[in-house]
Every structure is written in C-alpha cells, then in structure tokens.
Amino acid sequence: MLDAFLIERDADDQIDQRLDATTFYPQSPRLYYGQTWDWWSQFIINPDIPNAFFKYSEQAQSEINGGGVIERDGGTDYIVFRYSDVLLMLAETLNANGKTSDAYKYVDEVRERANMEPLSTAKPGLGQTDFFEQIKHERLVELAGENVRFFDLKRWGMYGPQNAVNDPNFATFTVGQDEIFPIPQAELDLNENLVQNPGY
C-alpha cells in the first residue's frame, strides 16, 4: 500500500497528500499519538510491514501508557460509505460496459479533490484493460483503510492464492476455507443449529 502512494506525484510535484492522511510510515512528517516513527519502530513485530494506519485513529482521545495506546471514546465519526467510493464504482462500471471515455470524469473528480492531475490529462485515451488497472490503483490510494479492499478483491477475482504475487499474505491462502471467517464459538454455543464453516 505504501508504495502505491509513491507511484505518482500531485499537481504541485509533491507526494500524494492522501499518503500522510492514510498511513504512518518511516519518513512520516506526522506524529502518531504524539510520537515519531522512530519511537514507534521499537514495537514493530513484522519488519515487512513498515507502516500503520493513521486514518481514523482517535489520537485526540487517546494516551500512550507503558508503550501501549489506550483508546478513549473519540469524537471522530467512522465513514461507512463515501462519495469517492460511489464515483470510483461508477467509473469502474462504465469502463466494464465499454464506456471508458465516459468514466474518466468520475475518476478526475476524485483525483482533483486530492490535488492530483486529472486522469484525463495524466493518462488520456486508456483502453478498457489499462483503465481498469488504473481504477484498482485509484481505489487503493483513495479508500485504503476503509474496509472496501476485501470486496474489491472479491469482485475482481483477486481474493485467493493467485494474489500472492501482489501480497505475500496470500501465499498461505486455503481455497474453500479462507474465503469466509469462522463462526465465533460464542455464537455456536447459543445456537445448536449452526454448523462451523469448513476448515475451522
């Protein structure tokens, strides 16, 4: 995800501003719960994942206590569905129906809000396949951390072991099991008619 934000610079030749709004990473100019990346790096468990989500963190209502973060009841609303998501889905649908030229304006609207060059200027005349690849990128940088990635990957036929080339977490994907979550034991205990999902 971090690399995706660095593919393209904005209209002012700066790093995509959505990077700092979305994630906390080694060169981040922001503080995370009042601390720099260098301070937080002592708690990194997996060095292959050198970032954390900044988006929706309740920093104003939290405190650091002995190396851990205590979350309070913050005042930031969690956005369930955003207009940018609607625009990008519309563009994806138009493209899938062979109306790629009509889809550009919806991607442009999302990009322009983030001070990115309009796609119609940066990459005019993309064919259907290349435009689809661009939509995948646009959805990642615009909607990262907003619980849509799972559904995107499923819709695109990328939720499975074939995605290991893009994400090493998929290397251990078990077909017939990992497409769904286990039913919590507490729910199974409450309803004897429930049967645990395969593989769990």
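**Asp13.** I started in the loop between helix 1 (2-5) and helix 2 (18-22), where Asp13 sits. I kept in mind that this is a predicted model. I looked up the backbone of Asp13 and found a positive phi of about 60 degrees, although Asp13 is not a glycine. I noted this because most residues other than glycine have a negative phi.

**Asn147.** I then went to the loop between helix 7 and helix 8 (149-155), which holds Asn147. Asn147 also is not a glycine, and has a positive phi of about 60 degrees. Is Asn147 buried or exposed? Its relative accessibility is 58%, so Asn147 counts as exposed, the cut-off being over 50%.

**Glu138.** Next I picked Glu138, which lies in helix 7 (residues 128-143). Its relative accessibility is 1%, so Glu138 counts as buried. Which residues does Glu138 touch, leaving out those up to four places away in sequence? I found Arg18, Leu88, Val107 and Arg111. With the side chain of Arg111, the side chain of Glu138 makes a polar contact at 2.7 Å.

**Helices 4 and 5.** Last, I looked at how helix 4 (residues 83-96) packs with helix 5 (residues 100-113): the angle is about 160 degrees and the axes are 8 Å apart. Angles over 145 degrees count as roughly antiparallel, so helix 4 is roughly antiparallel to helix 5. The crossing of helix 4 past helix 5 is left-handed. I listed some of the residues making this contact, including Leu87, Leu88 and Ala91 of helix 4 and Ala103, Val107 and Val110 of helix 5. By class, I noted 10 nonpolar, 3 polar and 3 charged residues in the contact of helix 4 with helix 5.

Conventions. Residues are numbered from 1 along each chain as its sequence is written. This is a predicted model: local features need pLDDT of at least 70, side-chain atom pairs count only at pLDDT 80 or more; totals for chains, interfaces and linings use all residues. Side-chain values use heavy atoms; hydrogens and water are left out. Helices (H or I, at least four residues) and strands (E, at least two) are DSSP runs, numbered from the N terminus. Buried means under 20% relative accessible area, exposed over 50%, partly exposed in between (1.4 Å probe, protein chains only). A polar contact is a pair of N or O atoms within 3.5 Å; within protein, one must be able to donate a hydrogen and the other to accept it, and residues adjacent in sequence count only if both atoms are side-chain atoms. Contact means heavy atoms within 4.5 Å. Axes are lines fitted to C-alpha atoms, for helices over the stretch in contact, and angles run from 0 to 180 degrees between N-to-C directions. Angles under 35 degrees count as roughly parallel, over 145 as roughly antiparallel, 65 to 115 as roughly perpendicular and the rest as oblique. A crossing is left-handed if the near helix is turned anticlockwise from the far one by less than a right angle, and right-handed if clockwise. Ala, Val, Leu, Ile, Met, Phe, Trp, Tyr, Cys and Pro count as nonpolar, Asp, Glu, Lys and Arg as charged, and the others, Gly among them, as polar.
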